[in-house]
Amino acid sequence: MIRTGERQRNILEFALSSLHRRRGRNLSLLAMYVLIIFVLASLLFFVSALKREAALVLHDAPDLIVQRMIAGRQELIPVEYGAEIASIRGVAEVRSRLWGYYFDSWNGANYTVIAHNSPTGTEGGAAIGSGVARSRKVKVGEMFPLRTPGTEPLLLEVKTIFPDSSDLRAADLIIISTADFSRLFNFPVGKVTDLAVTVTNVRELPTVAAKIASLHPDSRPILKSEIQRTYQSIFDWRGGMTLLILLSAVLSFIIFAWDRATGLSAEERKEIGILKSIGWETSDVLLLKFWEGCAISLPAFLLGVILAYGHVFFLSAPLFSQALKGWSILYPRFQLVPVVDISQLLVLFFLTVIPYTTATIIPSWRTATIDPDAAMRS
Amino acid sequence: MITLSGVTKAFSCGKPNEFTAVTNVTLEIPPRQVTVFKGPSGSGKTSLLTLIGCMSRPTSGRIQLHGLGVPIPFQEDTAVPLEITGLPERFLTIIRRSIFGFVFQQCNLITGISVLENVMLPAYTSGERLSEVARRALLLLEQFGVARHARQPVELLSGGEAQRVAIARALINNPAIIIADEPTAHLDSKLSQEFMEIVSGLKRDGKSILIASHDPIVFDSGIIDRVVEMRDGTILDDRSVR
Amino acid sequence: MRNSSRFLLFVVVGVTVIALLPCHAHYRQQASLRPMNRPPEELTELQLTDLCLVTEARHTRHPSLADRHAPFQEHPLALEFFPSGSFILPPSPHDSP
Amino acid sequence: MILRPSTLALLLISLLVTGFSLTAGFHAMGIHDRWDPASGSEEQLELERKTYLISTIMNYVFPLELLSLILLLYTADELHPLFTGAMCAAGTLAVNPYGYPALLVKIVTALLAGVWLIMNHLDSRAFDYPLIRTKYLFLTLMMPLLVVECVLLFSYFSGIKPDIITSCCGSLFSHDSPTLSGDLISLPPVIMQALFFSAMALALLSGILFYRTGRYGQLFSALAAVTFPVSIASIISFIGLYIYELPSHHCPFCLLQKEYHFIGYFLYVPLFIGAVSGISARVISPFSANPSLRRIVPDTRRYLTLVTIICYLLFTLIATVEMIISPLKL
Amino acid sequence: MNRLYTLFITVCVLWTTTVSAVDKGAPPVPATAKCAVCGMFVAKYPEWVSSTRFKDGSLSYYDGPKDMFSHYFDTARYTPGKRQADMVTLTVKDYYTLAPLDARTAFYVTGSDISGPMGQELVPFRGEKDARAFKADHKGKRIVRFNEITLQSITALK
């Protein structure tokens, strides 16, 4: 037993020294491998953390949102619809919501303006997201103007700026009072943006939605579960699709690794021949090749995953934010709360290390079965 | 003792380029002697040595090893001669590792690693502690006067030093039989003489030594017990020098 | 220290760090649920539906509430708003009860 | 089709295992037909080299097969929230008719893979390849099974759609279900308890006896093989009840869940390893007639027996501790 | 000004006539509570949780009225040593309001298209009007009272 262990260690020792001898090639292989695992793991971590954030936001979302559609576009919905919906059996509460978008021609950003009569949202005051504060360069207590359809701009005093930690929800929000809202947009009387319906028993939601749709054929009820599903599919598709793309990257890497493993240099060939002639057996050489593979793939996996964790959860995924940002001016400064479990790590391991290892089986067998008398005959 | 009976080795059997390297060789090699296989290149002496040294298997014929005095894991009774002809490669390797030590025409040292590591290499796979192996390797290097190079990479050695390192490597597992293939081919006369002195030392230590060579310094040397002359895969002449 | 020991030590340390990642994640999740780290009540009262991840257009800020014909929701590879747009799948046609 | 990392990994592994096994099996057939250890011909040398290839491939691939059995259980459990009515892997596997067959075939192939690896290890320790034909015949016979497993897995995962209404383990493993498990559950727990503990005790006793004296090996292997299904039946019949602390919940899958501290894995893994080595001890016993294996086989059998004893003891220990600390009393 | 006033009104929350007493009065279901019949964790299905209280003060939870009735009719099987007569209170939840409700006074709709965590269910209501409305909306077959329910009708539910 001890002898087997010692043999493994001795062979590992030699494997490390032979990798070291060709460090240029092996380091480039390692770097490429680390990079692929890093990107794959970052993506996995990023998506699962965003999923959690989306789920948290959705937790507070209304059970059912009723919009009105005219000519295929969303329109303002009359308040009376709310009272009728409230009388449907199973509906606990109907809230009308006033909100909209404000395009800031000054800096090209899109804000989300919401009317809400909370303490900070008193007339003339506003609670804003930190993204808005950044792009408008305002601090608490300062004033900032918004254009109105009339001649006078709406002057608002910043009462609250939401902390960076809630950027994923609030970076672009401007919360103002109802009165200010109607002045800002010259909002029609008796109309609201949409209705938020609370239904006590979620099982009844589809029925309530169907009743609303038949009551007002021009309305479009959106269920919370549909939003959830949309999000799920966005992230799953994103996760799955990108996974496929990255898998192809992994595949090309395997081909590279295969090519590298098969294209034995004359020098390597001679070395194996010498080893075999001085008493190494085929299975010893196979073991050597196995340890060589491990000495590449294990560090690659460990480094790749740990770096990815740091990249996504400590540095907020700067690599992906570039892709997500696109043309938007307000990119949230968020720090994701990590979501990692062992199964994720195992799957990552299965998807990256195993293909590499299997790709090297046949080449290493070919290497290992060089004739032992090759060294004599050279 | 090693006995060969009717040993033939053919390459590329059944193909147009078939050729027979060793034809129907029957031979007995007693222990603790220096035996030289003499003949021009292509005479089959190297092939014969690879067959004896368990590096390859004969196409037909038998090779037996007697009274090895070394325990082989699967051999129950050490008194019975060990037939090596039909053994799988795995077991040939075990025998090769524990009974034979090889010195090649080119020194066949692995470049990039130290002299010491090169000497230790054959023992890596036996599962011995490397510190123990290193101790033994240093003793051997000392014995051959190259201990001061132990930590240097092998590229920096001169031809004679490299040869002595190769001999040290062949001895690391304390084999009973040393096989040397054209050991003096790349050495000048002085170094070849030195080599023969080392061989006589080994002989004094009780090792059997088989050398393939067509160098007169080797087969005219005083320490030789027997010369086997070969040509075209067969034995022309087999004479005892003493 | 032998190289193999160094390598094995590296692997053990790496595996330990990786094993600690889920623990760290768990800790951070617990911490994020503590009252002081929760989003202000003012925000949760708004009953928001979407993450503010991309804001270049209304259909990216609130993908779940956008018009059905909003540009690239019809095809995930539509290029109007390339980087973020290409990530978003059209909502499932499930939404008419 | 359900595109998740874990399902992708499962399918990938299945493809790898099948692909490589087919390659190996193809070579194995050639070796099986043309093997002639007495010959020193180049063809024979080539064949001997191929045995290394097959061994290498199988030594990589079959452990994967064993691991992916655990991954399959995990995935099935992980997917259960997608389906109405499913509360654990039992419901997920019942989503379409391929689920349970896939699991069953996977268990069988994993078992056989374990036995094959042990056989291969044994063969590599003898100097004249005594088992070469046997093991390659065995491997060739496993090929169709591996292909079937791959096909089943693909059909299963491609047939999965969310929101399917499936049955929950409560109905699959209840008194009233007209299946074998239904009959099992209807047995009074006392009978099953008596059966389980006596089978386990006999297996362990005969194992210890064999380990100490070298006799009654066949008896031990037979008992070890019987104890495997008995233990699984016992999990369904009564061990689960103590773990769930419910007198009527007979599911063998819920115990894989986090809520039960993944206790299922700690029960099934030792049980499986114990069964593989117990069965292997029986499978290899006839090989001791072979001169070159005469001394190796008894050693290996003793070692395998030790593994079985330890694993079964572990299983019994965990089960008994669960029964004792559980507030439920039957 | 008038306009502003109207807007203010509209934004005010519109309360409906239904009681918003969600689970008021009933103690929260512990997260570790399992259905006494099928073993599911009941807290995952708050809208279905039913419970019984025994004479000795012990509580049993179920993931739906169906399992509660299974227990009620076959008490000894799921809680050995206890009898039906030991069940003091039986509580279900009104479908529309999710308010706790004495199972003995409730109206149950069978055969509807609403399925519980364990498939077909008896859907409980406080009032007969609600039950009728539900029966119409959800293709229910019958409205039954507590004493009309038998072990056979429970086992017939899939």
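Reply: Happy to. At 29% relative accessibility, Asp371(A) counts as partly exposed. Please keep in mind that this is a predicted model. The partner of Asp371(A) is Arg49(D), and the closest N and O atoms of this salt bridge are 2.3 Å apart. Arg49(D) counts as buried, because its relative accessibility is 14% and the cut-off for buried is under 20%.

Over all chains, a search of the whole structure turns up 48 salt bridges. This pair crosses between chains: Arg49(D) sits in helix α2 (residues 42–78) of chain D, while Asp371(A) sits in the loop between α13 and α14 (374–377) of chain A. Between chain A and chain D, the count is one salt bridge. Four residue pairs are in polar contact across this interface.

Now to the side of chain A that touches chain D. Here α8 (224–262), α10 (282–314), α12 (342–359) and α13 (361–368) of chain A each supply at least two residues. The largest share, eight residues, comes from α12(A). By type, the residues on this side divide into 14 nonpolar, seven polar and three charged.

As for extent, the contact takes 24 residues from chain A and 22 residues from chain D. Together the two chains bury about 2200 Å², with 79% of it on carbon and sulfur atoms. Phe350(A), Ile361(A) and Trp365(A) supply 28% of the area that chain A buries against chain D, more than any other three residues.

Note on methods
Residues numbered from 1 in each chain as written. Chains lettered and ligands numbered in written order. Predicted model: local features only at pLDDT ≥ 70, side-chain atom pairs only at ≥ 80, totals over all residues. Heavy atoms only, no water. Contact = heavy atoms within 4.5 Å. Buried area = accessible area lost by both parts, 1.4 Å probe. Salt bridge = Lys/Arg side-chain N within 4 Å of Asp/Glu carboxyl O. Polar contact = N/O pair within 3.5 Å; in protein donor to acceptor, adjacent residues only side chain to side chain. Helix = DSSP H or I, 4+ residues; strand = E, 2+ residues; numbered from the N terminus. Nonpolar A, V, L, I, M, F, W, Y, C, P; charged D, E, K, R; others polar. Buried < 20%, exposed > 50% of the residue type's maximum accessible area, 1.4 Å probe, protein only.
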